[in-house]
Amino acid sequence: MMHEGGCLCGAVRFKAEGEPINVRICHCRLCQKSFAAPFFARAQFAQEAITLRGPTARYPTSERIERVFCSQCGTRIGSWRVNGTAAGLALALFDDRNAFSPTDHIWVSEKLDWVRITDELPQFPEGIP
Ligand SMILES: [Zn+2]
């Protein structure tokens with residue numbers, strides 16, 4: 001199974017093969033800042049399962065994670081682990097926006113106050129060990 005998506009302007013396209021490792025909503029401050037959004041909903045895949053093409057740029061938000069974006073339109077594509085293992089692709093960018101549903105909320109300790117979690121998904125104050 002191949003899942004495809006891309007940025008707003010269309011210059012960046014990605015493909016992810018197989019099923020994600022996990023699908024989570026991250027409420028951490030770094031995701032809020034780097035995606036300019038209250039939280040980041042992403043599907044995590046092995047980096048080797050992802051094909052990314054087009055004009056991207058990246059910058060580190062910690063020692064472990066780099067954020068990748070389209071250098072033409074600025075759309076944030078996702079978060080890449082520096083160690084090469086996994087990357088999180090923004091759920092909103094998949095051609096089928098409803099292909100994946102999150103199963104967990106992480107970093108709820110940094111959640112915006114007005115964000116009310118009304119689903120039944122497990123909530124974790126920080127990451128899942
Ligand atoms: Zn673009």
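Tutor: In this predicted model, histidine 27 is in contact with Phe39, His105, Ile106, Trp107, Val108, Glu110 and Lys111, leaving aside its neighbours within four places in sequence. Histidine 27 itself sits in the loop that joins strand S3 (22–26) to helix H1 (29–35). Its C-beta has 23 C-beta neighbours inside 10 Å, so histidine 27 counts as buried; the cut-off for that label is 20 or more. Proline 38 is eleven residues away from histidine 27 in sequence, and their C-alpha atoms are 7.0 Å apart in space.

Tryptophan 107 belongs to the segment after strand S10 (104–106). Because 23 other C-beta atoms lie within 10 Å, tryptophan 107 is buried. Its phi is near 55 degrees, which is positive although the residue is not glycine. Most residues other than glycine have a negative phi.

Alanine 36 also has a positive phi without being a glycine, at about 50 degrees. It is found in the loop between H1 and S4. With 9 C-beta neighbours inside 10 Å, alanine 36 counts as exposed, whereas tryptophan 107 is buried.

The largest one has 17 residues, of which Ile77 and Leu89 touch the most other members. S7 gives the largest share of this core, four residues. A second, separate core has nine residues, including Ile25, Cys26, Cys31 and Trp107.

Notes. Residues are numbered from 1 along each chain as its sequence is written. This is a predicted model: local features need pLDDT of at least 70, side-chain atom pairs count only at pLDDT 80 or more; totals for chains, interfaces and linings use all residues. Helices (H or I, at least four residues) and strands (E, at least two) are DSSP runs, numbered from the N terminus. A residue is buried if 20 or more other C-beta atoms lie within 10 Å of its own, exposed if 12 or fewer, and partly exposed in between; C-beta atoms are placed from the backbone. Two residues are in contact if their C-beta atoms, placed from the backbone, lie within 7 Å. A nonpolar core is a set of buried Ala, Val, Leu, Ile, Met, Phe, Trp, Tyr and Cys residues joined through C-beta atoms within 7 Å.
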